[in-house]
Structures are given as structure tokens and as C-alpha cells.
Amino acid sequence: MVKENSQEATAKNVEEAIELALRELDAAREEVAVEVLSPGKPGLLGFGAEAARVRVTLIDAELDTQGENEQQFVDDKSIVEARDLTRELLNLMKVSASTQIRDSFVSNQDNPILEIEGEDSGLLIGRRGETLSSLQFLVNYLLQRRMGHHSRIILDVEGYKERRNRAMRELANRMADKVVTTGRPVTLEPMPASERRMIHIALAEHPKVSTQSAGEGTGRKVRISKK
């Protein structure tokens with residue numbers, strides 16, 4: 001019984017850590033990949049307890065933030081390995097496309113971008129970037145297995161994510177102006193976690209509006225309100 005209670009307490013520890021990370025990321029459970037770094041310790045009567053440590057990463061994550069808020073360093077060897085992995089996967093998929101390394105288009109992100117270009121590259125985007133997100137997740141998973149450490153490589157196709165990022169910033173500023181003018185809040189359509197974060201970041205320092213997320217799963221939306 002004591003062992004069972006201890007296991008339940010440990011599981012609760014991990015769930016609490018995951019829930020905290022999800023709130024920080026503004027994400028639903030199905031939008032993230034979870035890695036348990038340490039299950040923590042429940043302690044005895046509140047003494048000697050240790051919080052669980054988890055790494056929670058957005059699957060669609062060009063603006064990704066770690067649940068631990070830790071800095072990630074992506075070395076040149078990892079970048080080259082990720083490029084080679086991407087090329088291997090494209091060959092297996094029989095997709096005619098090339099892969100080049102370029103700098104991030106997001107000013108506060110150091111994550112390198114692998115840009116995929118070619119006559120078949122459009123097939124890799126999918127509905128609202130879902131196929132591209134899955135490919136990115138797979139590349140990062142395989143990269144971690146090969147290199148033995150966690151790195152975050154961003155995949156883009158023909159500048160799709162860069163265009164989407166720009167469109168989200170423009171939408172955020174346009175809706176913020178509307179809220180300021182009318183005094184009424186605006187709720188945007190449901191969107192993936194990465195796009196919600198673009199909205200939050202675009203308006204984070206706006207002097208007159210604030211943003212919040214509401215809803216569950218794929219129905220989660222951003223609400224812009226006057227301060």
C-alpha cells in the first residue's frame with residue numbers, strides 16, 4: 001500500500017509539472033511532446049519533497065519555449081546532422097527537394113532553420129502546416145536519438161513559416177487597433193499553439209491591450225482585450 005501510494009504521488013508530481021509547462025506554453029496536451037527528466041520525490045509529511053522535472057516542447061514549435069525555460073545550444077555538427085536526416089527522409093518519401101541552412105526569421109530566436117525548396121516541396125506543408133509540423137517533430141526526435149542531447153531545429157518550406165509569422169503579427173496589430181477603437185474585446189478563430197504564441201508575443205508590449213487564451217484542444221483561441 002505504501003509503495004502504491006508513493007507511485008501515485010510520483011505520478012501526480014509529474015502531471016503537475018506537465019500542467020505547469022502547458023500553461024507556460026499556452027498549449028493543449030495533444031500539441032506537445034513530453035520528456036520526463038526526473039519524476040521528483042513526494043517526500044514524507046511534506047519534508048524532503050522534490051518537484052518533477054519535465055521537458056515539454058511544442059510539436060509545431062518555431063516559437064517554442066521549454067517547460068524548464070532552459071537555453072538550448074545547437075552546435076554546427078547537430079545542424080549538419082539535421083540537414084542530412086531531412087534529406088534522407090525526403091529521399092524515402094520520394095520528394096524532389098533540396099535543403100539549405102539559414103538563420104531564424106524570428107529576432108529573439110537562435111534556432112537555425114532548414115529551408116526546403118524544390119518542385120515537390122509544397123506537398124510537405126499540409127493543411128495549416130500540419131504535415132510540415134510532423135516532419136519537423138520527426139527530424140528533431142531522430143536528431144536527439146543520434147546526437148544524445150536535445151536540440152531544436154526548425155523546418156520551413158519555401159518561406160511558409162516566415163510568411164505565416166508575418167501574417168500573424170499583422171493580424172494581431174490590426175485586431176489590437178480594433179479593440180482600442182471600439183473598446184470591445186475580439187476573439188480570434190481557433191489556431192495552433194505556435195500561432196497563438198505569435199499573437200501573444202506580437203502584443204506582449206502593447207500599451208493598451210492584453211491577450212489571453214481560452215478553450216480546449218483544437219478549439220483554443222486568443223482573446224484580445226483592452227487593458
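How many salt bridges does a search of the whole structure find? The search finds four. A salt bridge here is a side-chain nitrogen of Lys or Arg within 4 Å of a carboxyl oxygen of Asp or Glu. The model is predicted: local features need pLDDT of at least 70, side-chain atom pairs count only at pLDDT 80 or more, and totals for chains, interfaces and linings use all residues. Residues are numbered from 1 along each chain as its sequence is written, and side-chain values use heavy atoms, with hydrogens and water left out.

**View A. Arg83 and Asp84 form a salt bridge.** Their side chains meet at 3.7 Å, N to O. Arg83 is partly exposed, at 23% relative accessibility. Asp84 is partly exposed too, with a relative accessible area of 28%. The classes are buried (under 20% relative accessible area), exposed (over 50%) and partly exposed (in between), computed with a 1.4 Å probe on protein chains only.

**View B. Glu88 and Arg146 link distant parts of the chain.** The two residues form a salt bridge, and their closest N and O atoms are 3.2 Å apart. Glu88 sits in helix H2 (residues 76–92) and Arg146 in helix H3 (residues 130–147), 58 residues apart. Helices (H or I, at least four residues) are DSSP runs, numbered from the N terminus. Glu88 is partly exposed, with a relative accessible area of 38%. Arg146 is partly exposed as well, with a value of 44%.

**View C. Glu81 joins Glu88 and Arg146 in a network.** The three residues are linked by salt bridges.

**View D. Glu195 and Arg164 tie helix H5 to helix H4.** The side chains meet in a salt bridge of 2.7 Å, N to O. Glu195 lies in helix H5 and Arg164 in helix H4 (residues 160–182), so the pair ties together parts that are 31 residues apart in sequence. Glu195 counts as buried, at 4% relative accessibility. Arg164 is partly exposed, with a relative accessible area of 25%.

**View E. Met198 is a buried residue of helix H5.** The helix spans residues 193–202. Met198 has a relative accessible area of 2%. Which distance separates the C-alpha atoms of Met198 and Ala172? The separation is 8.5 Å, for residues 26 apart along the chain.

Notes
Helix = DSSP H or I, 4+ residues; strand = E, 2+ residues; numbered from the N terminus.
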